[in-house]
Structures are given as C-alpha cells and as structure tokens.
Amino acid sequence: MEPGEPLAVRGGGCAQEVLRALLPDQDPYRGWTNFEFTNGGAIAEVDSLVITPKGVYLIEIKSWAGKVTGDQGTWVQQRPDGSRQSFTNQAAVNSRKVKQLASLIQRNWPHNAKVGPPFIQSLVWFSLAELR
C-alpha cells in the first residue's frame, strides 16, 4: 500500500491478508484472526484482534459491496444487484464482544500483575473500496 492510500481491498482481495500485510513483523505488533471465545456460555466470533503500541483493537471486518445506511439499531446493506439486507448495528455488536472479552481477560488477569489488563477498542472495518 502506498502512503495515503485508503485501507481498502479492491476486487476479491482478502481483508485479513491486507491487515496482516500492514502490521510490522516485530514486537510489540501481534494479530490473530478467525477465532472464538466463550464468556458465560456465550460464544463470540472474532474476525481480528490486533495489538499495537497505540492499543488493542477488536476488529469486525465487513466485506460488503453496495451501500450501507442505518441508525443506532439497524444497518441496511443495499447490494449492487439492488437486493437489501438488514443487520443489527455491527458497531454495537462488536462493542458487546469487546465487553465480553474484556470481562474474560479481567477475570483471568494475574492479581499481582504490575499493570492492569489492556483497554480493548472496538473497530468495524468496511474492507471493500466499492462500498458507498
């Protein structure tokens, strides 16, 4: 990617490959993709968890084409073929996952640790450049 180029996949590229290519292959950068965790019996699926010097990010990747509109409760994707599909607000969904993961980490964090558990930030990434 060139400096200033939008972080977007063109055509059929894999969003997770783009994300992986953007992360330096050195400490303290780390990334995990496509995993699940459980908290209180609920299973949560994670697209990507990334650790950088700037923070920890739980990333929900949406490789949607067409147009997305919505509000605090519902997002609507209008696909290039004109069909429409409604989704629960994905920012809210990902924020719930962040809270579940933070709770799980907090419960398992060593009580005598010199630092507290990380603050995890929620991010929804629309990975296709064709999305409006």
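I take helices and strands as DSSP runs, numbered from the N terminus. The model I am reading is predicted.

Entry: Most peptide bonds are trans, and most residues other than glycine have a negative phi. A cis peptide bond joins D27 and P28, with omega at about 5 degrees. I placed P28 in the loop that runs between α1 (15-22) and β1 (30-39). N34 is not a glycine, yet its phi is positive, about 50 degrees. I found N34 in strand β1. Is N34 buried or exposed? The relative accessible area of N34 is 54%, and the cut-off for exposed is over 50%, so N34 is exposed.

Entry: the hairpin. I followed strand β4 (residues 67-70) and strand β5 (residues 74-78), which pair in the antiparallel sense over four bridges. Three residues lie between β4 and β5 in this hairpin. I looked up K67 and found Q78 of β5 as its bridge partner.

Entry: helix α2. I checked the length of α2 (residues 90-108): at 1.5 Å a residue its 19 residues should span 27 Å, and the end C-alpha atoms are 27 Å apart, which agrees. At the N-terminal end, N89 caps α2, with a side-chain oxygen 2.8 Å from the backbone nitrogen of A91. Which residues of α2 are buried? They are Q90, N94, K97, V98 and L101. Seen down the axis of α2, the buried residues fall within an arc of 105 degrees, so they line one face of the helix. I then noted what these buried residues pack against: β1, β2 (42-52), β3 (55-62), β5, β6 (84-88) and β7 (120-126).

Key
Residues numbered from 1 in each chain as written. Predicted model: local features only at pLDDT ≥ 70, side-chain atom pairs only at ≥ 80, totals over all residues. Heavy atoms only, no water. Helix = DSSP H or I, 4+ residues; strand = E, 2+ residues; numbered from the N terminus. Buried < 20%, exposed > 50% of the residue type's maximum accessible area, 1.4 Å probe, protein only. Pairing = 2+ DSSP bridges. Expected span 1.5 Å × (residues − 1). Arc of directions from axis to C-beta. Contact = heavy atoms within 4.5 Å. Polar contact = N/O pair within 3.5 Å; in protein donor to acceptor, adjacent residues only side chain to side chain.
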